[in-house]
Every structure is written in structure tokens, then in C-alpha cells.
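Here are a few notes to read alongside the model.

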Amino acid sequence: MKFFKPFEMPTGASIPEREVSIVDFGAVPCSLTTESEVVPGSVKNTEAIRAAIDAVASQGGGRVVFPAGNWLTGPIHFKSGVEIHLEKGCEVFFSTDKADYLPAVFTLYEGMRCYTYSAQLYAHECHDIAITGEGTFNGQGFVWWYLIAMYREGIEDMYQKGQQHIPPEERVYDTPERGVRPGLLHFVDCQNVLIEGCTFKFSPFWTVHPTWCENIIIRNIKVLNPYDHAPNTDGCNFEGCKRGLLDGIWVDTGDDAVCLKSGRDEDGRVCARPCQDIIIRNLTANRSHGGITIGSEMSGGVSNIYIENCKFLKNFIGIWIKTAPTRGGYVRNIEYHNIEVAKLWREGICFTMGYAGDGYDPKDAPTMPVIENILVDGFKVEGSSVAVQIEGIKGFPMRSIYLKDVDAKGGVNVQTAHVSNLCMENVSFE
């Protein structure tokens, strides 16, 4: 049984052969304390980096080189045709001054459109942009993580305005008290994107987050966020993207390792930006919540996804499809191949329509999501509390779920509810 249909593979960015160094525009390296933090009062290179980007962009594009060393900056805003290249031994530290990330820019926060702090690496409506090299982007997210425990006013307001169709221009959250954090990398509505080789660490929020992008390659990157105190620092989230390839990522983070998303509830349905034609392979998740996750924000739909050759080492859940009665949208034509999992705290395979909720009200029926045509072919888990959990909702079953060559050890073998056409071939539960 096959559900995935091959598509034209992404090609990434086309960057002119032109190169400048940020040093040529006045950038000055900074010093670090013994705790590997930037020495207070260090020069911010925001303007020098902007001048370098402007210089190559004005000539049609090119590469902006960050030499080995430590560099402090505010947010970096891309322009079409620009590649940021970090040489080996380079670490870019982003400012801990929240004011540096204003004025507010257009973004999506947990699948909702709004205006808030700029991401640290930000692009909007650009084409042919790239990040390459062997260096590190350090988001210094410790100055943002505490907001989740103190403030949710802005987030709740955003959800309500999304449901009420209030224009995004009236959803502005530009103070810490609104509780909306920026991501480390957020590219919005861009075409022809390459992200290759670099390490991304200490993100304030979601780490690598292409949104509404098309023709994108992410290859051989690392994501490092403190597992126990860096909330919502998903490793890599494709949101509403088309023609994407993620080939090689090592993740240790405080939330899901890799996610596929497409907007939340009414705001996601209005935008109608599906996530489709995506290949994910060679993912290693050391510590995370979900190893590879679809949802929960999937209201624009997720389809035609191929996932293979993944290893999850110390995670809550292995492969996870999570959605809720209010989401709407669909998850269909998804294939998982050759997934290897060590011991898990929770489920090896978890497909649920009841995420973050208990049951549903009849008024939810028009927004009930559709989950169908899912293949898991080659899945091994050494130990889990539940090997396989598949739960639809009464009257709205999941459909056509195929498990093949599954070898699972767990406290509970299989839990199912409201599933139509569940097929298992060569499965072993212990």
C-alpha cells in the first residue's frame, strides 16, 4: 500500500558568485565571559551586517561572510539573493535587549497571524536566500523563556481575534507583557531557500521555522536547546510549505524535534496554506517531546509527506499525529519508513484527534479534522508505555491506517478507538 506521490524535488537557492565580509563594513568581534556569555557593553554589529546585506542585494545578490570569531548583533533581515555564510569557528550572538527586535513585523505565532518581535533571522516575501557554513547562531533565549510562565494575555487575545476574523494588522504584540516570543529563524512567504550546515542553539521560541515557503532545502543542521528549561523550542517546523526537503538534522530540544503544521483553527482555515510535498529523512532526535510530529496546528491541511531513516533516542513520543475537534483541515497520504526508537516515556506511535481536549461538543462537527491514508512501514521501539495508540472520535473515525513490519516492546501493545480500516502486517508486540 502506497499513499505518497513523488514530486519535483526542490533545488534550493540560486546565489550570485559575489562575496563580502562583514568586517569590511565595520563589524567588530566581541569577547566572552568565562561563562561563555557576551561581555556586557560589547559592540552590536547590527548596522554593519545590514550594510553588507544591502551592498550585495543592490548588485543582485551574493554571499555575506561572517569570519571565525564571536559577533553580537540584533536581528538579521534578509533580502532576495542574499546568502549568510558562517565560517568554521564563528558564533553569532543575538542581542538580549528586547527593544532591538522592534518595530513589530508580520509573523505567525503558533499558527496565528500577527505582528510582534522580529525573529532573529527574518525574511518576508524574499526569493533565493540561503544560510550556509559551519558556524553557530546563538539566540540567547534565556531572556525570553520566562515569559511563558508569567504572561499569556497577548496569546489569548491573538486566538480570539483569529476566530473573530480581526485583521492581522490589529493583532500587535510588542511588549513582554503580551507574552509573545520571537523565533530564532522565521522565513515567511519566501521562495527558493537553502539552510545548510549551521548549528542553531538557545532559541527564544520555535527554532528553524519556514512558513508558507516553496522550494526549500534544509540539510545537515543541528539544533541545541536546553531540554528541561527551554519551552516551545521546536527544532524545525515546516508550516504551510510546499516542495521541501529536510535531509540530515540532529536535535536536542525542549519540545518536538521536527513538525509539520499549517495554521491554527479559523485563522488557519482562512489562510488555507497546506503543508504538502515534503520529504524528511536522516533525523536524529536525542531528547524531545515528539520525534516527528504533525500538528497540532494543521487547519490548512497536511498531505503527501514521506519520512524515512529516523532515530529517536530519549523522547516522550516517537511518531505523533495530534489534532483537535476545532482544527478542521486534514492529514492524509503520509508515509513513515525505517523508524528506530529507543525507550520512550509514552507512546511509540500516537495518532490522536483528541489532543489537549476531552471529547467534543456537537457544534465542533463542522470543524472536525480528517485523518486518513497513513502508512508506517518499518518501525522498531525498544520500550514504551504504549506501543501503538490510534484514537479517532465517535462518528469521525480515522481511516486507512496501515502498520507493516512493526517490532515493539511496551507496557501496553495496542490501544484503538474509532478507526476504520486498520490493517497490520508482520507486527510483533512484546
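**Notes on the predicted model**

1. Let's start with a helix. In H1, the buried residues are Thr 46, Ala 48, Ile 49, Ala 52, Ile 53, Ala 55 and Val 56. Please keep in mind that this is a predicted model. H1 itself covers residues 46-57, twelve residues, and its first and last C-alpha atoms are 16 Å apart, close to the 16 Å expected at 1.5 Å a residue.

2. Now the chain as a whole. The protein chain has four helices and 27 strands. Its radius of gyration is 21 Å, close to the 22 Å that the globule rule gives for 430 residues, so the chain is as compact as a globular protein of that length. The C-alpha trace spans about 65 × 45 × 40 Å along its principal axes. Of the 430 residues, 60% are buried. Among contacts with a separation of 6 or more, 76% are between residues 24 or more positions apart.

3. On to the nonpolar interior. In soluble globular proteins, nonpolar side chains tend to be buried together. Here, the largest nonpolar core has 92 residues, and Phe 137, Phe 187, Phe 200, Tyr 336 and Phe 351 have the most contacts inside it. Strand S25 (residues 370-391) gives this core its largest share, eight residues. A second, separate core has ten residues, including Met 112, Cys 114, Val 180 and Phe 205.

4. Phe 200 deserves a click in your viewer. Leaving aside residues up to four places away in sequence, Phe 200 touches Leu 121, Ile 131, Phe 137, Leu 184 and Ile 221, among others.

5. Next, the aromatic rings. The count comes to 15 aromatic pairs. One of them joins Phe 4 and Tyr 306: the ring centres are 5.1 Å apart and the planes are at 55°, so the pair is tilted. This pair links distant parts of the chain, with Phe 4 in the segment before S1 and Tyr 306 in strand S22 (residues 302-322), 302 residues apart. Phe 4 is buried, with a relative accessible area of 15%. Ring pairs also bring Phe 7 into a cluster with Phe 4 and Tyr 306.

6. Finally, two arginines over rings. Arg 264 lies over the face of Tyr 159, 4.1 Å from the ring centre. The charged end of Arg 273 sits over the ring of Trp 212, at 4.3 Å from its centre.

Conventions: Residues numbered from 1 in each chain as written. Predicted model: local features only at pLDDT ≥ 70, side-chain atom pairs only at ≥ 80, totals over all residues. Heavy atoms only, no water. Helix = DSSP H or I, 4+ residues; strand = E, 2+ residues; numbered from the N terminus. Expected span 1.5 Å × (residues − 1). Buried < 20%, exposed > 50% of the residue type's maximum accessible area, 1.4 Å probe, protein only. Phe/Tyr/Trp six-rings, centres within 6.5 Å; stacked < 30°, edge-to-face > 60°. Lys NZ or Arg CZ within 6 Å of the ring centre and 35° of its normal. Core = buried A, V, L, I, M, F, W, Y, C linked by side-chain atoms within 4.5 Å. Contact = heavy atoms within 4.5 Å. Rg over C-alpha atoms; globule rule 2.2 N^0.38 Å.
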